Amino acid sequence: MDIILKQDVANLGYKNDIVTVRPGYGRNFLIPKGMAILATERNRKILAEEIRQQAHKEEKIKNEALDKAKALEGLKLQIPAKAGTSGKIFGSVNSIMIANAIKEATNIEVDRKQIVLNEDAIKEVGDYTAKIRLHKEVLVDVDFSVFAE
């Protein structure tokens, strides 16, 4: 029995995959729970149209991410932090502070979850690099400097 998955199913497939399963598993479990629909000719055509539209939306999102990446390229941020005389910061610099600094410098919203720091926690004054994942295929490096207030 061929079915079209409407969501990811462990050990079976991902959303919008057409998979072959045993009839009982499809009729008694997957279809009643809303995890799948029968892969009829009509449903296959609907799936093809959905995939085409999703590809168009995905391309638009990727282009927006590329535009943001061009704006962020070569950006050098200055992040103030309270520090002692030895250069140790009271607390640490985190992704929220970097996102706020990007917002102030370029007026571009970057979600803190998109920012990946090389170190676990930045606890000293100095120069660092953060990677910003704007899209699954778009990654940009942003240099920032932490200085004592």
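Which residues does Ser95 touch, not counting residues up to four places away in sequence? The first legend answers this. The model is predicted: local features need pLDDT of at least 70, side-chain atom pairs count only at pLDDT 80 or more, and totals for chains, interfaces and linings use all residues. Residues are numbered from 1 along each chain as its sequence is written, and side-chain values use heavy atoms, with hydrogens and water left out.

**View 1. Ser95 and the residues it touches.** Ser95 is part of helix α3; helices are DSSP runs of H or I with at least four residues, strands are runs of E with at least two, and both are numbered from the N terminus. Leaving out residues up to four places away in sequence, Ser95 touches Arg112, Ile115 and Leu117; contact means heavy atoms within 4.5 Å. The relative accessible area of Ser95 is 15%, so Ser95 is buried. Buried means under 20% relative accessible area, exposed means over 50%, and partly exposed lies in between (1.4 Å probe, protein chains only).

**View 2. The largest nonpolar core.** A nonpolar core is a set of buried Ala, Val, Leu, Ile, Met, Phe, Trp, Tyr and Cys residues joined through side-chain atoms within 4.5 Å. The largest one here has 27 residues, and those with the most contacts inside it are Leu72, Ile98, Ile132 and Phe144. Two or more residues come from each of α2 (41-72), β4 (76-81), β5 (88-93), α3 (95-106), β6 (115-117), β8 (126-135) and β9 (138-148). The most is given by β9, with five residues. Apart from neighbours within four places in sequence, the contacts of Leu72 are Ile102, Thr106, Ile108, Val110, Ile132, Leu134, Val140 and Val142. A second, separate core has eight residues, including Ile3, Leu5, Val9 and Val21. In soluble globular proteins, nonpolar side chains tend to be buried together.

**View 3. An open sheet of four strands.** The strand order is β4-β9-β8-β6, and the pairing is mixed; two strands pair if DSSP finds at least two bridges between them. β4 and β6 are the edge strands, each pairing on one side only. On average, neighbouring strands of this sheet are turned by 35° against each other, direction ignored. Axes are lines fitted to C-alpha atoms, for helices over the stretch in contact, and angles run from 0 to 180 degrees between N-to-C directions. β4 and β9 run parallel and are joined by six bridges. Ile79 has Val146 in β9 as its bridge partner. Helix α2 packs on the sheet and touches β8 and β9, and its direction makes about 160° with that of β8. Helix α3 also packs on the sheet, where it touches β4, β6, β8 and β9; its direction makes about 125° with that of β4.

**View 4. Ala36 in strand β3.** Strand β3 covers residues 36-38. Ala36 has 3% relative accessibility and therefore counts as buried. Not counting residues up to four places away in sequence, Ala36 touches Ile3, Ile4, Leu5, Lys6, Leu30 and Ile31. Ala36 and Lys6 are 30 residues apart along the chain, yet their C-alpha atoms are separated by 5.0 Å.

**View 5. Asn11 and Asn16 in a loop.** Asn11 is placed in the loop between β1 (2-5) and β2 (18-20), and Asn16 lies in the loop between β1 and β2. Most residues other than glycine have a negative phi. Phi of Asn11 is near 60°, and Asn16 has a positive phi of about 70°. Asn11 is exposed, with a relative accessible area of 86%, whereas Asn16 counts as partly exposed at 23% relative accessibility.
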